[in-house]
Amino acid sequence: MSSDTTKSSSERRPDWAALVIAAVLAIVAAVIFVDVSRLTSTTGYSPVGPASVPYWIGFGLIGLAIWTVFAAFRHDFPEREHQEVSPVLWVVGGLLAQMILIRFAGFSIATGLLFGLAARGFGARRLHISIPVGIVICLAIWWLFAGVLQLSLPAGPLENLLQ
């Protein structure tokens, strides 16, 4: 009898993850509406102006948020698998390291570190191999963009050796 009551009480609870997704959709729609409301209405001869498409996107997001709320209460979403946190932390750590280091260490070292940490997040076990390989690949990419295509990427000590 107790298993029936726990099952029925869990069936009545909404899917909280879906409600969070609905809230995020509504917040993004609100940001779009606030931003579009600051545009001046310069439609000219046509009723379609620069605010028309963002308004439709905002209305679409509100519609998706409402649909997601109903789906959360009806339990229309499939059962989710257990999420591993450590791979996400490796990739986010690599992104943070790149953002912090790119100005000082240059493109190759910062992005090579991102490459190595992201590879670790995806299952590579040997950082002492993947980080130098990432740096070499990124140095070649930097040379292609900065040297051949004449585009500006942040230069660091390795890039200064090639200049």
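How many helices and how many strands does the secondary structure of this protein come to? The count is 7 helices and 0 strands. Read along the sequence, that gives the pattern α-α-α-α-α-α-α. Before I go on, please keep in mind that this is a predicted model.

Some overall numbers, then. The protein has 163 residues, and 28% of them are buried. Taking contacts between residues at least 6 apart in sequence, 59% join residues that are at least 24 apart. The accessible surface comes to about 11,700 Å², and carbon and sulfur atoms account for 70% of that.

Let me start on the inside. The largest nonpolar core has 8 residues in all: Leu25, Ala29, Ile32, Phe33, Val36, Ala51, Leu61 and Ala65. Two elements give two or more residues to this core, helix H2, which spans 16-37, and helix H3. H2 gives the most, with 5 residues. One of the core residues is Phe33. Leaving aside neighbours within four places in sequence, Phe33 is in contact with Tyr55, Gly58, Phe59 and Ile62.

Staying with helix H3, which covers residues 52-74, I would point you to Phe73. Is Phe73 buried or partly exposed? Phe73 has a relative accessible area of 47%, so it counts as partly exposed. Setting aside neighbours within four places in sequence, Phe73 is in contact with Pro14 and Leu19. There is also a C-alpha to C-alpha distance to mention here: Phe73 and Asp15 are 6.5 Å apart in space, although 58 residues separate them in sequence.

Now the surface. A nonpolar patch of about 1,000 Å² is made by Phe115, Ile129, Val133, Ile137, Ile141, Trp143, Leu144, Phe145, Val148, Leu149, Leu151 and Leu162. Which helix provides the largest share of the nonpolar patch? That is helix H6, residues 127-148, with 8 residues. Leu144 is an example from this patch, and it lies in H6. With a relative accessible area of 38%, Leu144 is partly exposed.

Helix H6 also holds Ser130. Here the relative accessible area is 10%, and because the limit for buried is under 20%, Ser130 counts as buried. Not counting residues up to four places away in sequence, Ser130 touches Phe115, Gly116 and Ala119.

Last, the charged pairs. Side chains of opposite charge can pair when their charged atoms come close. How many salt bridges does the structure hold? There are 2 salt bridges.

One joins Arg38 to Asp35, with the closest N and O atoms 2.6 Å apart. Arg38 is exposed, at 64% relative accessibility, while Asp35 is partly exposed, at 43%.

Another salt bridge brings together the side chains of Asp76 and Arg74, at 2.9 Å from N to O. Asp76 is partly exposed, its relative accessible area being 46%. Arg74 falls within the 52-74 range of helix H3.

Key. Residues are numbered from 1 along each chain as its sequence is written. This is a predicted model: local features need pLDDT of at least 70, side-chain atom pairs count only at pLDDT 80 or more; totals for chains, interfaces and linings use all residues. Side-chain values use heavy atoms; hydrogens and water are left out. Helices (H or I, at least four residues) and strands (E, at least two) are DSSP runs, numbered from the N terminus. Buried means under 20% relative accessible area, exposed over 50%, partly exposed in between (1.4 Å probe, protein chains only). Contact means heavy atoms within 4.5 Å. Accessible areas come from the Shrake-Rupley method with a 1.4 Å probe; for residues, only the protein chains shown count as cover. Patches are made of residues with over 30% relative accessible area and no salt bridge: like charges are joined within 9 Å, nonpolar side chains (Val, Leu, Ile, Met, Phe, Trp, Tyr) within 5 Å. A salt bridge is a side-chain nitrogen of Lys or Arg within 4 Å of a carboxyl oxygen of Asp or Glu. A nonpolar core is a set of buried Ala, Val, Leu, Ile, Met, Phe, Trp, Tyr and Cys residues joined through side-chain atoms within 4.5 Å.
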